[in-house]
Amino acid sequence: LPPQTWTNSINKANKMALLAWAKETGIDLVQINGQRRYGGPPPGWVGDPPPSGTEVFIGKLPQDMYENTLIPLFQRVGKLYEFRLMMTFSGLNRGFAYAKYSNRHGAKEAIAAFNNFEVREGCAIVVCKSTEKCELSVDGLATSVSRQELEAVLRRVTEGVLSVTLYASPCQKRAQLAVLKYTSHQAAAMAKKTLMEGNMRLGGLEMKVDWLNPDLKQKLQSCEEKPSSNQVQGGKCLGVAKQAPMSPVLHNTLDRLNTLCQRQCLGTPLFLTKCVQANPNGWLRFWCQVIIPGCPVPFSGFTWVRQDGPDRSGHEKAKVAVALQVLRVLGESLHT
């Protein structure tokens with residue numbers, strides 16, 4: 001079956017019931033990047049968004065249950081400002097959601113009423129206060145990456161970036177750790193999803209993206225922030241040199257692209273790769289995007305790679321394949 005036909009056939013009755021309910025109530029549901037949202041703000045809302053402490057986390061949801069059941073249920077205890085249901089590509093939910101109320105009283109009432117509540121016989125859900133985390137840690141950044149360069153790239157692939165702070169990585173030698181602060185928990189969660197699903201690479205190193213651990217935050221706050229790359233010390237610029245000489249022998253295509261971008265003062269390439277199709281014969285189809293700060297438009301496209309060798313996931317091969325294409329577009333000969 002074609003992918004769209006296959007996904008439409010899953011949980012079809014409940015999907016049709018959801019559509020009928022949305023049409024009857026006039027409720028508008030918007031799906032963006034793996035989550036479907038109502039409100040934020042809802043119709044008729046006047047004033048600022050609700051303060052912190054008004055959002056609850058809802059877990060252990062049956063995956064075939066949708067907003068036509070959940071929104072009326074959670075509206076029983078208070079006015080909803082926003083409801084977000086996390087979704088899979090097949091159209092089932094991912095088993096959890098977030099409900100934000102107009103005030104803290106509504107959130108407290110929801111926890112009291114619905115934690116361990118059976119939404120279906122034998123299916124008790126979990127409802128608790130949302131942590132509303134807004135900070136991410138990104139470990140494994142190349143030492144050549146500057147704060148300004150990283151922030152520029154993040155603003156192109158995520159929304160709501162408030163600040164970017166660089167530190168020497170406490171876990172990896174010759175690497176940096178970045179603390180990213182976002183405007184809201186939702187913005188941070190979407191950024192985390194984008195960066196993790198994209199299998200992000202910046203400056204040739206694999207990066208680990210996670211919520212900022214409180215212990216790590218305390219440890220970092222006791223250290224000084226790394227100086228940004230435009231600070232001059234001893235007459236030398238820290239970070240990426242304006243004219244980085246090409247090494248005589250480049251070991252791989254990614255090194256070649258990194259060096260070319262540095263030499264032409266374009267900044268460090270950011271790779272995002274996502275497997276969108278896996279065939280039984282071992283071939284994988286990837287969506288790839290390369291963002292180069294000095295280029296106005298990202299390089300995007302699809303490529304096929306073979307699933308074999310040490311890189312069973314195929315992400316590294318996909319990055320090499322797209323790097324080859326970018327090198328050709330930039331006019332770089334692979335044999336010079």
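Tutor: The part to look at is an open sheet of four strands, ordered β10-β11-β9-β14, with antiparallel pairing. This is a predicted model, where local features need pLDDT of at least 70, side-chain atom pairs count only at pLDDT 80 or more, and totals for chains, interfaces and linings use all residues. Residues are numbered from 1 along each chain as its sequence is written, and side-chain values use heavy atoms, with hydrogens and water left out. Strands (E, at least two residues) and helices (H or I, at least four) are DSSP runs, numbered from the N terminus; two strands pair if DSSP finds at least two bridges between them.

β10 (161-168) and β14 (208-211) are the edge strands, each pairing on one side only. From one strand to the next the twist averages 20 degrees; axes are lines fitted to C-alpha atoms, for helices over the stretch in contact, and angles run from 0 to 180 degrees between N-to-C directions. β9 (residues 135-142) and β11 (residues 175-182) run antiparallel and are joined by seven bridges. Ala-142 has Ala-175 in β11 as its bridge partner.

Helix α5 (residues 147-157) packs on the sheet and touches β9, β10 and β11, where contact means heavy atoms within 4.5 Å. The direction of α5 makes about 140 degrees with that of β10. Helix α6 (residues 185-197) lies across β9, β11 and β14, and runs at about 155 degrees to β14.
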